Amino acid sequence: STIEATASLTDGSTLRHERLFIGGAWVEPEDGGLMESIDPSQGRPWAVVAYGGSRDVAKAVDAARSALEGPWGRMPGHERAALMRRFADLYRERARALAVLETRDSGRALRESLADVSGHATAYHWWASLADKHAGRTIPIDDSVHAFTTRVPVGVVGAITPWNVPLMAASWKLGPALAAGCTVVLKPAEHTPVASLELGRLFEEAGFPPGVVNVVPGFGKDGAGEHLVAHPGVDKIAFTGEGATAQAILRAGGDTMKRFTFELGGKSPHIIFADADLEQALNAATNSAWTLCGQSCALGSRVLVQRPVYDRVVEEFVRRAGRVRVGPPLDEATHMGPQAHGEQLAKTLSYIDIGRAEGAELVAGGHRLTGPEHAAGYFVEPTVFANVSNGMRIAREEIFGPVAALIPFDDEEEAVALANDSSYGLTAGLWTGDVGRAHRVAARIRAGMVWVNTYRFIRWSTPYGGFKGSGWGRENGVEALDSYLETRTTVIST
Ligand code: NAD
């Protein structure tokens, strides 16, 4: 399509997306403006994009409210499902264009974006299949009353997404929100707004009533994000991002008693026992360390390795780090693109310095890439630290870069203690050939998702979310649908 062709041009030409999608129309920002989106592989702007201010957000919330109280709110579930299926089909047709937009904006390797995006299309179909199935129940009391529950949409949802996986984060919110009958104002991150704006076109083409989904890119603090959180007409905020931002949102949104779901960060343990299938464990552990250039909340960034196989695992990490092809993200041979923006690059490099200063052993990578193909972008080498202790900052804090920390352990007890010694609790992986151990250890890990002899297996149907500092509530699965519904109990005197 034209949009893909334009997005694929890396000759310095600029894509222009100068309007917001509000109330089914493409409108110029009232009190927002235009911002540049940087291609992180080239370190220069590749798109000019509209962003919203407080009046734009208010307009989008009003449009969402009108749709909720009007055509969308009155539409039977099976008709909402039909519209959602049409959208899912369009999404699949445009998968490549969407993936290219995501890659230009975020720098993630196109091969990863492509693999993800076709999964989203299936996910939207799955959500469509739930749009007419949220039934209530009857509650037996006695002959004098008839009591029953109905499930009703929470209302207008403000969906605030991060820059690492803009399309996935949007699909995790739009899918259940629309299936529940809610309406949405989507605010993508300021670094990666383009693919999300493009979703507006698909909703328009699919024939959604105006205002069901509105897309208003913008900034967080003092910007569209904060205005959305403060707006009394927004019933729920569905947020993915950093813990500190979630706390600010909680304080600001608490005044209006909004509902919240928070998908936050992680520092996931990836435990390799000596009795594991080492080849498979290594494939998963090394892949997961460098997926998304390390910018994934589910990254197995703390690799806990039982001592008898520790040296072998370190050796293999070093060897495989050297084989990662780091380069232009649009090239489908590329494994790993750049960091998504300059601040993230600086953050990753500063953690590499911290690791060195803390006494961890840098055994691979550790530098920004400065060759001709890389110098202008935010590329960093796949990096491995050995002999890390779990007390070090590189083992405790989320780096969000391609930095693996390899920590040795002696026995099961120690592995569980190390795994749980974290303020995060999003995901965990464990590799063992002993089925009893798999059950024992999985049951003791304080994380919302535990993978055994696999890693980063995520589906629309499997609930995903964090214990502890990794979040509130779940996305994916019927649990996610629940979080977009209220329960009304009706009691009728007979
Ligand atoms: P961030 O918190 O800086 O920003 C996320 C979004 O919030 C952006 O759209 C931003 O504009 C907005 N925002 C910022 N301040 C705001 C405010 N005061 N009010 C309202 N909105 C505000 O996070 P990020 O740096 O974009 O994303 C990286 C983080 O996201 C990492 O911690 C990562 O682990 C996490 N993440 C979690 C998951 C998950 O599913 N658990 C998935 C992806 C990313």
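**Reading helix packing, burial and loops**

Colleague: Where is the place of Arg-92?

Modeller: Arg-92 has its place in helix 4, where helices (H or I, at least four residues) and strands (E, at least two) are DSSP runs numbered from the N terminus. Residues are numbered from 1 along each chain as its sequence is written. The model is predicted, and local features need pLDDT of at least 70, side-chain atom pairs count only at pLDDT 80 or more, while totals for chains, interfaces and linings use all residues.

Colleague: At what angle do helix 4 and helix 6 pack?

Modeller: Two packed helices are described by the angle between their axes and the distance between the axes. Here the axes are lines fitted to C-alpha atoms over the stretch in contact, and angles run from 0 to 180 degrees between N-to-C directions. Helix 4 and helix 6 (residues 110-129) pack at about 175 degrees with their axes 8 Å apart, and they are therefore roughly antiparallel to each other (under 35 degrees is roughly parallel, over 145 roughly antiparallel, 65 to 115 roughly perpendicular, the rest oblique). On the helix 4 side the residues that meet helix 6 include Met-84, Ala-88 and Arg-92, and on the helix 6 side their counterparts include Ser-118, Ala-121 and Tyr-124. By class, this contact has nine nonpolar, four polar and two charged residues (Ala, Val, Leu, Ile, Met, Phe, Trp, Tyr, Cys and Pro count as nonpolar, Asp, Glu, Lys and Arg as charged, and the others, Gly among them, as polar).

Colleague: How do the axes of helix 4 and helix 8 cross?

Modeller: The axes of helix 4 (residues 77-93) and helix 8 (residues 194-206) come within 9 Å and cross at roughly 130 degrees, which makes helix 4 oblique to helix 8. The contact has seven nonpolar, no polar and two charged residues.

Colleague: Which residues is Leu-90 in contact with, leaving aside its neighbours within four places in sequence?

Modeller: With those neighbours left aside, Leu-90 is in contact with Leu-202, Glu-205 and Ala-206. Leu-90 and Glu-205 are 115 residues apart in sequence, yet 8.3 Å apart in space from C-alpha to C-alpha. Leu-90 counts as partly exposed because it has 19 C-beta neighbours inside 10 Å.

Colleague: At what angle do helix 7 and helix 8 pack?

Modeller: Helix 7 and helix 8 pack at about 45 degrees, with axes 8 Å apart, and are therefore oblique to each other. Their contact is made by Pro-166, Leu-167 and Ala-170 of helix 7 with Ala-195, Ser-196 and Leu-199 of helix 8. It has five nonpolar, one polar and no charged residues.

Colleague: How many residues has the largest nonpolar core?

Modeller: A nonpolar core is a set of buried Ala, Val, Leu, Ile, Met, Phe, Trp, Tyr and Cys residues joined through C-beta atoms within 7 Å. The largest one has 146 residues, and those with the most contacts inside it are Met-84, Val-184, Ile-272, Phe-385, Ala-405 and Leu-406. Helix 7 (residues 166-180) gives the largest share of this core, ten residues.

Colleague: What is phi of Leu-292, and what is phi of Asn-476?

Modeller: Phi of Leu-292 is near 55 degrees, a positive value in a residue other than glycine, and phi of Asn-476 is near 70 degrees, again positive and again in a non-glycine residue. Leu-292 is found in the loop between helix 11 (278-290) and strand 14 (302-306), and it counts as buried because it has 25 C-beta neighbours inside 10 Å. Asn-476, in the loop between strand 22 (471-472) and helix 17 (477-482), counts as buried with 23 C-beta neighbours inside 10 Å.

Key. Buried ≥ 20, exposed ≤ 12 C-beta atoms within 10 Å, placed from the backbone. Contact = placed C-beta atoms within 7 Å.
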